[in-house]
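These are my notes from a reading of the structure shown below.

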Amino acid sequence: MIELKSLGKTYRTAGEEITALEGIELTIHDGEIYGIIGLSGAGKSTLVRCINLLERPTSGRVVIDGQDITSVSRKRLLEIRRSIGMIFQGFHLLEQSTVLHNVTFPLEVAGTRRRDAVGRAMELLEIVGLADRANAYPSQLSGGQKQRVAIARALATRPKYLLCDEATSALDPNTTRSILDLLAEINRKMGVTIVIITHEMKVVEQICDRVAVLDQSRIVEEGKVSEVFADPKSAIAKELILPERRLRAKAHGGQRVRILLEMPASESEAEKVTRWLKDSPVELQEEG
Amino acid sequence: MFSEMFMKLWENGLIQMGIWETIYMTVLSTAISYCIGLPLGVVLQITDREGICPLPVFNRILGLIVNFFRSIPFIILMVAMLPVAKWIVGVSLGNRAMIVMLVIASSPYIARMVESSLKEVDAGVIEAAQSMGTDNYQIVRKVLLPEAKPSLINGAVISMVTILGYSAMAATIGGTGLGQIAISYGHQRFNPDVTWCCVFLTVIIVHIIQEVGSRIAQKTDKRYRA
């Protein structure tokens with residue numbers, strides 16, 4: 001279980017104070033896929049980096065399995081990090097190493113015997129479907145393949161948690177779907193708890209169990225995905241969810257349905273909706 | 001076609017010896033300079049504000065020392081460092097002393113070259129390594145240096161060519177090699193063909209270093225393979 005307790009992060013640069021996170025209260029239960037969504041600049045990336053202390057919070061605590069990791073020794077922290085895998089938007093593979101070495105790397109660092117490490121890495125590459133590319137270099141792979149290697153690498157040390165920082169944001173829709181399917185499978189089969197940071201609604205919708213909406217350094221809404229999506233309370237959640245949600249309902253309905261569409265108040269949003277309608281296979285009949 | 005002096009130098013094997021001495025001084029000085037410059041460059045990089053082990057005050061001081069040595073023109077540094085050479089190798093003349101000068105002059109230069117190569121390593125890759133529980137020593141050994149390898153090799157080629165240039169200057173205060181032949185037999189005794197021969201040979205040596213080095217760097221780099 002990951003618990004963030006009144007977590008805050010403030011950057012101090014040249015006499016200026018920038019608040020990245022404020023009063024974050026969050027509990028992520030074992031076995032779930034937890035989404036954290038927000039616009040860019042909301043503090044999502046800082047939040048996920050606070051979970052494994054790549055960023056030190058300036059206030060509050062990060063409690064993992066009952067242990068406050070903000071106060072452990074440096075050595076213990078390195079051990080804890082090995083139980084939390086992480087993948088990134090930019091993949092961040094070792095460009096000068098083969099796919100296989102990228103996956104054995106965390107094991108090598110943890111002191112695993114070379115033979116065992118290679119065995120484990122091949123097992124993981126099999127799971128992500130890239131066993132035949134073990135000797136390729138990252139530059140020879142597509143974006144989706146790179147992310148698969150990164151996932152295999154993140155899972156090498158058998159972590160209990162997997163943090164995903166905008167892991168699908170650099171990928172096309174089809175690849176995004178297949179990576180999300182892979183993550184869901186990993187969650188189901190290996191019982192890895194997954195935390196997903198994203199700005200894309202469809203990512204949360206496709207695989208998350210629960211979601212937190214982050215806006216201007218704070219969590220403004222939190223709950224089961226189905227509930228938050230059905231009835232978003234905060235302005236930002238409405239903005240993120242509603243237009244897409246409403247239109248989606250229609251697209252799924254097989255028969256002729258009559259739907260009253262309330263146009264969003266903001267002009268730019270309304271324009272977005274109109275544009276979407278024009279491209280959609282929906283017949284429009286305007287009414288008063 | 002060639003002057004008498006040139007023929008004499010050639011027959012006595014002095015030019016051949018000059019080639020050998022130049023190569024020997026350059027290679028040895030580069031090797032020793034890297035033993036100092038490489039760790040120094042690593043320290044400069046990791047203690048930087050953005051590095052993995054930020055120590056801003058220490059970094060400032062180290063940077064100032066490095067810059068101090070780098071800003072002294074080599075010819076002046078050589079003269080100033082004569083006593084140091086004498087203290088380290090016991091003599092202030094000849095190639096052994098010159099190697100000391102070359103090392104003193106080029107280590108800070110190499111440190112900066114190494115630092116800039118390491119700066120090219122994507123911060124994201126380092127962050128990924130940190131997320132896996134990699135300690136700083138392992139990050140240097142297993143991430144920074146291997147990832148920067150092609151750039152480090154290119155840097156080494158540039159450094160080597162610079163050191164070769166320095167080694168010729170060392171002839172003015174008692175070094176040997178092609179520089180010394182050009183100065184004392186070519187310039188001072190009015191045999192331009194000797195000077196030009198040394199220029200030509202130096203150009204060839206530089207070209208070989210450059211070619212071989214670039215090729216190794218290219219071969220090592222796995223980033224742009226189709």
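I looked up burial in chain B and found that 41% of its 226 residues are buried. The model is a predicted one, and I read each value with that in mind.

I then checked the secondary structure of chain B, which holds 10 helices and 0 strands. Read from the N terminus on, the order of its elements is α-α-α-α-α-α-α-α-α-α. For its dimensions, I noted that the C-alpha atoms of chain B fill a box of roughly 70 × 50 × 25 Å along the principal axes. I also looked at contacts in chain B with a separation of 6 or more: 71% of them join residues 24 or more positions apart.

Next I turned to the largest nonpolar core, which has 131 residues. The residues with the most contacts inside this core are A:Val103, A:Val195, A:Ile196, B:Met101 and B:Leu102. Helix 6 of chain B, residues 94–119, gives the most to the core, namely 15 residues.

Which residues does B:Met101 touch, leaving aside those up to four places away in sequence? I found B:Met78, B:Met81, B:Ala85 and B:Ala170.

Last, I examined helix 1 of chain A, residues 44–51, and recorded it as mostly covered, with 8 of its 8 residues buried.

Notes. Residues are numbered from 1 along each chain as its sequence is written. Chains are lettered from A and ligands numbered from 1 in the order in which they are written. This is a predicted model: local features need pLDDT of at least 70, side-chain atom pairs count only at pLDDT 80 or more; totals for chains, interfaces and linings use all residues. A nonpolar core is a set of buried Ala, Val, Leu, Ile, Met, Phe, Trp, Tyr and Cys residues joined through C-beta atoms within 7 Å. A residue is buried if 20 or more other C-beta atoms lie within 10 Å of its own, exposed if 12 or fewer, and partly exposed in between; C-beta atoms are placed from the backbone. Helices (H or I, at least four residues) and strands (E, at least two) are DSSP runs, numbered from the N terminus. Two residues are in contact if their C-beta atoms, placed from the backbone, lie within 7 Å.
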